[in-house]
Amino acid sequence: MSRAFKLGLTGGIGSGKSTVAALLGKLGAQVLDADAISRTVTAPGGLAIEPIRLGFGHQFIASDGAMDRDRMRALVYEDHDARRRLEAIIHPLVQHEIWRLANESEAAGVPCLVFDVPLLVESASWRQRVDKVLVIDCSPETQISRVQTRSGLSRPAIEAIIAAQASRSERLAIADQVILNDGITLEALEDRVRALAPCFGL
């Protein structure tokens, strides 16, 4: 069995990280999306639901049986201890599922595994488990503009999300490769991804 290249992909909210992940997927990579897996474990019947109910109370479980994401988001941005407790529930479940899927994909001969991990910078273990880190970078103003356009969140709400994530300088400090996704077209972004693809076994 040939070994798949393991690429850590990260970037702040509104950076275009998901777009780049999709482009890498089109080029033959297997994208392992930590956010998508997190949504699965906090969906109705998900493995995180009962621990969240026990740890935070039934008010954090919505009527459909999923985690109440809006209520939880408001809590964890104000209360760092609550954020730590939630991460202690969700992160082990997400990591287990990511590596289960990674092992399956590698066994199937996928040439590149893309770990789309928002907290890659903050987690010391992640940097050691990937071959290279690709950071999608843009200015904070671009982040705010994009998120406002797609979600309608207020500027203060977006600024709070940005402040809760790793800083731009912290992301760039761990980068092996950087794509600056600021003031360019989707076609130009795709060209930049294609130019780097051979570095990742694609």
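Modeller: Gladly! Let us start with a cut-off: a residue is called buried when its relative accessible area is under 20%. This is a predicted model, and 40% of its 202 residues count as buried.

Biologist: What makes the chain agree with a compact globule?

Modeller: With 202 residues, such a globule would have a radius of gyration near 17 Å, and the chain has 17 Å, so the two agree. The C-alpha atoms fill a box of roughly 50 × 45 × 30 Å along the principal axes.

Biologist: Why is the largest nonpolar core called a core?

Modeller: Because its members are buried residues of kinds such as Ile, Phe, Met, Leu and Trp, joined through side-chain atoms within 4.5 Å.

Biologist: Which residues is Met-72 in contact with, leaving aside neighbours within four places in sequence?

Modeller: Met-72 is in contact with Ile-52, Phe-56, Phe-60, Met-67 and Leu-86. There is also a second, separate core of 17 residues, with Leu-24, Ala-29, Leu-134 and Phe-200 among them.

Biologist: And how many helices and strands does the chain have?

Modeller: The chain has ten helices and five strands. Of its contacts with a separation of 6 or more, 72% are between residues 24 or more positions apart.

Key:
Residues are numbered from 1 along each chain as its sequence is written. This is a predicted model: local features need pLDDT of at least 70, side-chain atom pairs count only at pLDDT 80 or more; totals for chains, interfaces and linings use all residues. Side-chain values use heavy atoms; hydrogens and water are left out. Contact means heavy atoms within 4.5 Å. Buried means under 20% relative accessible area, exposed over 50%, partly exposed in between (1.4 Å probe, protein chains only). Helices (H or I, at least four residues) and strands (E, at least two) are DSSP runs, numbered from the N terminus. The radius of gyration is taken over C-alpha atoms; the globule rule is 2.2 Å times the number of residues to the power 0.38.
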